[in-house]
Amino acid sequence: MNTETERKFLVKDDSFRAAAVKTYSIRQGYIAHDGGNTVRIRIRDDEGFLTIKGKTTDDGLSRPEWEMQIPLQDALELFKLCKSGRIEKFRHIVPAEGGLKWEVDEFLGENEGLVMAEIELPSPDATFARPSWLGTEVTGVSSYYNSYLSKHPYKTW
């Protein structure tokens with residue numbers, strides 16, 4: 001199992017769009033989310049993924065993650081098992097220095113208006129350049145986790 005290490009930020013303007021090299025449409029739901037562990041189904045464009053994530057470290061930076069691509073039809077069937085609340089978003093890929101990349105999520109539906117960027121890092125102490133469109137850091141703030149947003153939409157805050 002891999003360990004995912006990432007930092008999350010709010011996005012303060014849409015100037016990231018000029019640097020985006022790819023955009024995906026994403027729908028995801030949660031079969032289980034309990035005690036910090038999640039089982040997620042994601043449909044990205046016409047691909048399906050099953051992801052299991054463990055509890056986040058106290059600093060909010062890292063957590064165990066296992067992900068596997070699955071047939072789209074299986075993902076569509078598993079999506080029916082998801083608990084209430086779904087996440088819909090566009091994910092914009094923005095290259096970053098050092099071979100890293102920003103994933104900028106523009107949420108739709110009940111989470112419309114929320115735009116967040118995350119960068120996956122090789123280690124918790126890795127450094128990275130911060131683009132001008134980056135806003136407040138929300139790493140470790142559980143109300144910005146997708147699993148939380150699926151139950152407590154941004155528009156209700």
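**Salt bridges and a buried side chain**

Author: In this predicted model, R40 and E67 form a salt bridge, their closest N and O atoms lying 3.2 Å apart. This pair links distant parts of the chain, with R40 in strand β3 and E67 in strand β5, 27 residues apart.

Reader: Is R40 buried or exposed?

Author: Buried means a relative accessible area under 20%. The relative accessibility of R40 is 6%, and therefore R40 counts as buried.

Reader: Which parts of the chain does the salt bridge between E106 and R17 tie together?

Author: The side chains of E106 and R17 meet in a salt bridge, with an N to O distance of 2.9 Å. Because the two residues are 89 apart in sequence, the pair ties together separate parts of the chain, namely strand β7, which holds E106, and the loop between β1 and β2, which holds R17.

Reader: Which backbone nitrogen does the side chain of N111 reach?

Author: N111 is placed in the loop between β7 and β8, and at 3% relative accessibility this residue counts as buried. Leaving out residues up to four places away in sequence, N111 touches I87, L149, P153 and Y154. At 2.7 Å, its side chain reaches the backbone nitrogen of Y154.

Reader: How many salt bridges does the count come to?

Author: Besides the pairs already discussed, E112 forms a salt bridge with K155, the closest N and O atoms being 3.9 Å apart, and K89, R91, K101, E103 and D105 are linked in a network of salt bridges. For the model, the count comes to 14 salt bridges.

Methods: Residues are numbered from 1 along each chain as its sequence is written. This is a predicted model: local features need pLDDT of at least 70, side-chain atom pairs count only at pLDDT 80 or more; totals for chains, interfaces and linings use all residues. Side-chain values use heavy atoms; hydrogens and water are left out. Helices (H or I, at least four residues) and strands (E, at least two) are DSSP runs, numbered from the N terminus. Buried means under 20% relative accessible area, exposed over 50%, partly exposed in between (1.4 Å probe, protein chains only). A polar contact is a pair of N or O atoms within 3.5 Å; within protein, one must be able to donate a hydrogen and the other to accept it, and residues adjacent in sequence count only if both atoms are side-chain atoms. Contact means heavy atoms within 4.5 Å. A salt bridge is a side-chain nitrogen of Lys or Arg within 4 Å of a carboxyl oxygen of Asp or Glu.
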